[in-house]
Amino acid sequence: STKTEIRHFTEEDDKIICRNPENRISKLQYLGIEFDGENTLLRHKGYAKFERKMIRSVRKEVTIAKDLKVGIAKRKIYEKYSPLGKANYISYANKAAKELNSVLIKKQVSSNRMMKKISGKIKKSMESVNNKK
């Protein structure tokens with residue numbers, strides 16, 4: 001299996017259409033970004049992997065905090081999984097959104113959305129850990 005993908009772009013009805021060699025409508029994937037001829041988004045697989053890692057990390061931090069009877073290392077979590085971090089998936093996505101001028105990527109990783117998502121995962125993990133006793 002090769003990582004090389006061949007895509008053909010044509011203009012039809014004032015829209016750019018992306019097709020694979022079998023002439024089926026497709027998407028171009030490159031460096032974690034998907035382009036279908038019209039929309040530029042984060043690749044679903046990469047974003048889903050990021051979310052799974054975030055959930056595991058939050059659960060781990062909540063469990064450690066509970067076991068050690070200390071506060072949750074929220075700063076560590078936010079720096080790793082939110083726009084507050086300097087070198088993480090979100091900062092990469094924001095740079096890509098700016099470079100590609102993609103409103104859709106900006107929406108996918110908006111500060112408000114990511115902060116809500118993280119705080120929700122922390123709350124859910126705390127409930128889960130508390131219910132295990």
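**Entry 1: Lys124.** I looked up Lys124 and found it in helix 5, which covers residues 111–131. The model I am reading is a predicted one. Is Lys124 buried or exposed? I noted a relative accessible area of 60% for Lys124, and exposed means over 50%, so Lys124 counts as exposed.

I then checked Lys124 against Val62. The two residues are 62 residues apart along the chain, and I noted 9.9 Å between their C-alpha atoms.

**Entry 2: the elements.** I went through the secondary structure and listed five helices and five strands. In what order do the elements run from the N terminus? I wrote down β-β-β-β-β-α-α-α-α-α for the protein.

I picked out Arg56, which lies in helix 1.

**Entry 3: overall dimensions.** I took the extent of the protein along its principal axes: the C-alpha atoms fill a box of roughly 60 × 30 × 25 Å. What is the radius of gyration of the protein? I noted 19 Å, whereas a compact globule of 133 residues would have a value near 14 Å.

Last, I looked up burial: 31% of the 133 residues of the protein count as buried.

Notes
Residues numbered from 1 in each chain as written. Predicted model: local features only at pLDDT ≥ 70, side-chain atom pairs only at ≥ 80, totals over all residues. Heavy atoms only, no water. Helix = DSSP H or I, 4+ residues; strand = E, 2+ residues; numbered from the N terminus. Rg over C-alpha atoms; globule rule 2.2 N^0.38 Å. Buried < 20%, exposed > 50% of the residue type's maximum accessible area, 1.4 Å probe, protein only.
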